[in-house]
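This briefing covers one chain, topic by topic. It begins with a helix and its surroundings, then turns to the sheet, the nonpolar cores and the chain as a whole.

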Amino acid sequence: MAIARWLNQTVGFFVFFFLDILDFLLCFTYKTLDFFFESEWKPCYCSSPLEAQAKTRKIIVSERGEYSKVVSMTRTKIHFDEISDTLYSRGPSLLMRLSKLVSSVKCFNYKGLIMRGSVVESCDHNYESKKKISGGNKKRLMTLNSTVVEKSTTKPRWSDCHCSFCTSWLSPSNKDSLFVEVQQPKDNKKARDNVLFIHGFLSSSSFWTETLFPNFSDSAKSNYRFIAVDLLGYGRSPKPNDSLYTLREHLEMIEKSVISQYKLKKFHIVAHSLGCVLALALAVKHPGAIKSLTLLAPPFYKVPKGVHPAQYVMRKVAPKNVWPPMQFGASLISWYEHLGRTVCLVLCKGHRLVDSLTRLLTLHRMRTYLIEGFLCHTHNGSWHTLHNIIFGSGGKLESYLDHVRDHMDCDVTIFHGGKDEVISVECSYSVKTKVPRATVHVIPDKDHITIVVGRQKDFAQELELIWQRSTTTHK
């Protein structure tokens, strides 16, 4: 075991050293290609904050704490804690340089404009009732003058896929809402309950609609309305290239496209991986509406005191190992912005070819619905969602779970694959320590995907029992 660990670390050192160099070279390659195709130099996160600010309409925000933030001027209000510092600081030496570089900087404006002269700055010190769960911390807002803000175009970039499926959201009817797949009784009034399904990272609503929806019993189909959503940036939902894909943006789109659109007053939630973060945030924001929470492989890491949460979670999810392959893949897309973009350029832009080759090689015996979620996204969306939601929520999940434990009485059920190499099963047990009433089911010989795929009939039955028990308990 010790030899295997040593070999993994030694090989990893040389592999990731090579990838560091390759990503550095790709940085200049993409800057050149971006200028050639889009007539504009595009900044990236391997630039220092000041360099990025000098080249684009971005602002640098430095608070009194240890870390600074760099945010795009694409919204009228931006919460300072929405942007994960892992976007810019993915190594200790870089982190130290950035801290020194911007320690005396408050705000800068683009092209020499004086921030307090051209941009209206206001620090909102309101205490919002929904934010008391985070220890009563004040959420400071910066308000930008709309004459200064210039939104980016929403059309796909040259390196994104331009097929009809990936760009269907550009039609006027789909531009402002998520894609939602609904299965309900013919007479919708007979639907006794609603169930919201939230997929995970690099996935889509088809993760649920192609597995669980066909396997629910006739009784469930006649009593429940099943709602599966493509999250912002995935599947057939909008993929704006000027979005930072923050937690707030994801939640607002779910609320607008599902909760408000379908007038949900009470509903169950079933969420997988990344979706668990959004499910808990929704539960905190709408505590009286949640009838049950079913979480699959929740990415909850107990952060030691004195350790920066986002950095800690990133190193747990992507520890820079070459083995097992899932950890190597996670490290590749987490640490290397330009290598990740290259993967998207080859696979995501060519997802139709990948789909066709898969069908051909398997003689059409393999269903390819998982490719839709795994490849039908943009690098901008997946990169920011990974850092701002999965890593950036490292300091928030504990307070969310505290709120679920102390202020909600809904059933909490957790499922985790015993062989999950993406999210450790210890994460589910950590949720149990925070919410003692939660029930944890570890499924032997199942991983991050096969916790559902391959056992959809059994899982559909398990969900029905959870909903029935929840309905009986809360009558």
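Helix H10 (325-335) and helix H14 (379-391) are among the elements that cover the buried residues of helix H9. The model is a predicted one. Its secondary structure consists of 17 helices and 11 strands.

**Helix H9**
- Helix H9 spans residues 309-317, and its buried residues are Ala-310, Gln-311, Val-313, Met-314 and Val-317.
- These residues lie on the same side of H9, because the arc they cover around the axis is only 165°.
- In general, an α-helix has 3.6 residues a turn, so residues three or four places apart point the same way.
- The cover over the buried residues of H9 includes contributions from H10 and H14.

**The open sheet**
- An open sheet is formed by 7 strands, and its order is E5-E7-E6-E8-E9-E10-E11.
- The pairing within this sheet is mixed.
- Strand E5 (180-183) and strand E11 (439-443) are the edge strands, and each pairs on one side only.
- On average, neighbouring strands of the sheet are turned by 15° against each other, with direction ignored.
- E5 pairs with strand E7 (residues 224-229) in the antiparallel sense, over 4 bridges.
- Glu-181 has Ala-228, in E7, as its bridge partner.
- As a general point, strands of a sheet pair through backbone hydrogen bonds, either parallel or antiparallel.

**Nonpolar cores**
- The largest nonpolar core holds 69 residues, of which Leu-196, Ile-198, Ile-269 and Leu-293 touch the most other members.
- Helix H8 (residues 274-285) supplies the largest share of this core, with 10 residues.
- Another core, of 24 residues, lies apart from the largest one; Trp-208, Phe-226, Tyr-369 and Val-452 are among its members.
- With neighbours within four places in sequence left aside, Leu-196 is in contact with Ile-227, Val-229, Ile-254, Val-258, Phe-267, His-268, Ile-269, Val-270 and Leu-282.
- In soluble globular proteins, nonpolar side chains tend to be buried together.

**The chain as a whole**
- The chain has 475 residues, and 53% of them are buried.
- Among contacts with a separation of 6 or more, 75% are between residues 24 or more positions apart.
- The accessible surface of the chain is about 22,500 Å², and carbon and sulfur atoms account for 58% of this surface.

How values were computed: Residues numbered from 1 in each chain as written. Predicted model: local features only at pLDDT ≥ 70, side-chain atom pairs only at ≥ 80, totals over all residues. Heavy atoms only, no water. Pairing = 2+ DSSP bridges. Helix = DSSP H or I, 4+ residues; strand = E, 2+ residues; numbered from the N terminus. Axes fitted to C-alpha atoms, helices over the stretch in contact; angles between N-to-C directions. Buried < 20%, exposed > 50% of the residue type's maximum accessible area, 1.4 Å probe, protein only. Arc of directions from axis to C-beta. Contact = heavy atoms within 4.5 Å. Areas by Shrake-Rupley, 256 points an atom, 1.4 Å probe, with all protein chains shown as cover. Core = buried A, V, L, I, M, F, W, Y, C linked by side-chain atoms within 4.5 Å.
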